[in-house]
Amino acid sequence: MCTYIMSKETGKVAEIDEEKAMEIKGIIDSMLRRQLRAIVLAYKVTTMKENFNSDHSWDDENGYVLLAIIGINDTRSTQDFELLTKIK
């Protein structure tokens with residue numbers, strides 16, 4: 001989960017509190033229930049030293065700023081699910 005979120009109204013970055021985190025999780029869960037792939041668009045500000053440091057881990061989710069959550073309709077996965085249901 002991202003640490004911060006950018007406001008679509010003001011463009012200002014704010015820390016994600018527990019209430020906002022639950023709202024984001026609800027949005028993602030809603031997309032998944034509708035068989036959408038949830039893609040999160042985010043960025044992380046780093047220093048040049050971090051960029052070139054081989055010990056730096058990009059897997060660390062801390063410090064990312066959430067910009068958007070995008071739902072993508074994956075018809076292939078829906079077709080695969082329907083096919084597997086028929087096979088059973």
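## Salt bridges and surface patches

A search of the whole structure finds two salt bridges, a salt bridge being a side-chain nitrogen of Lys or Arg within 4 Å of a carboxyl oxygen of Asp or Glu. This is a predicted model, in which local features need pLDDT of at least 70 and side-chain atom pairs count only at pLDDT 80 or more, while totals for chains, interfaces and linings use all residues. Residues are numbered from 1 along each chain as its sequence is written, and side-chain values use heavy atoms, with hydrogens and water left out.

Trainee: Which residue meets Lys20 in a salt bridge?

Mentor: The two partners are three residues apart in helix α1, so about one helical turn separates them. Helices here are DSSP runs of H or I with at least four residues, strands are runs of E with at least two, and both are numbered from the N terminus. The N to O distance is 3.3 Å, and the partner of Lys20 is Glu23.

Trainee: Is Glu23 buried or exposed, or in between?

Mentor: Buried means under 20% relative accessible area, exposed over 50%, and partly exposed in between (1.4 Å probe, protein chains only). Glu23 has 43% relative accessibility, so Glu23 counts as partly exposed.

Trainee: What is the N to O distance between Lys25 and Asp29?

Mentor: Lys25 and Asp29 both lie in helix α1, four residues apart, about one turn of the helix. Lys25 is partly exposed at 42% relative accessibility, and Asp29 is partly exposed at 26%. Their side chains meet in a salt bridge at 2.9 Å.

Trainee: Which strand gives the largest share of the nonpolar patch?

Mentor: Patches are made of residues with over 30% relative accessible area and no salt bridge; nonpolar side chains (Val, Leu, Ile, Met, Phe, Trp, Tyr) are joined within 5 Å, and like charges within 9 Å. The nonpolar patch consists of Ile39, Leu41, Leu67, Ile70 and Ile72, with about 400 Å² of accessible area together, by the Shrake-Rupley method with a 1.4 Å probe, where for residues only the protein chains shown count as cover. Strands β3 (36-44) and β4 (64-73) each supply at least two of its residues. The largest share, three residues, comes from β4.

Trainee: What is the relative accessibility of Leu67?

Mentor: Leu67 lies in strand β4. Leu67 counts as partly exposed because its relative accessibility is 38%.

Trainee: What relative accessibility does Glu19 have?

Mentor: Glu19 lies in helix α1 (residues 18-33). Glu19 counts as exposed, with a relative accessibility of 67%.
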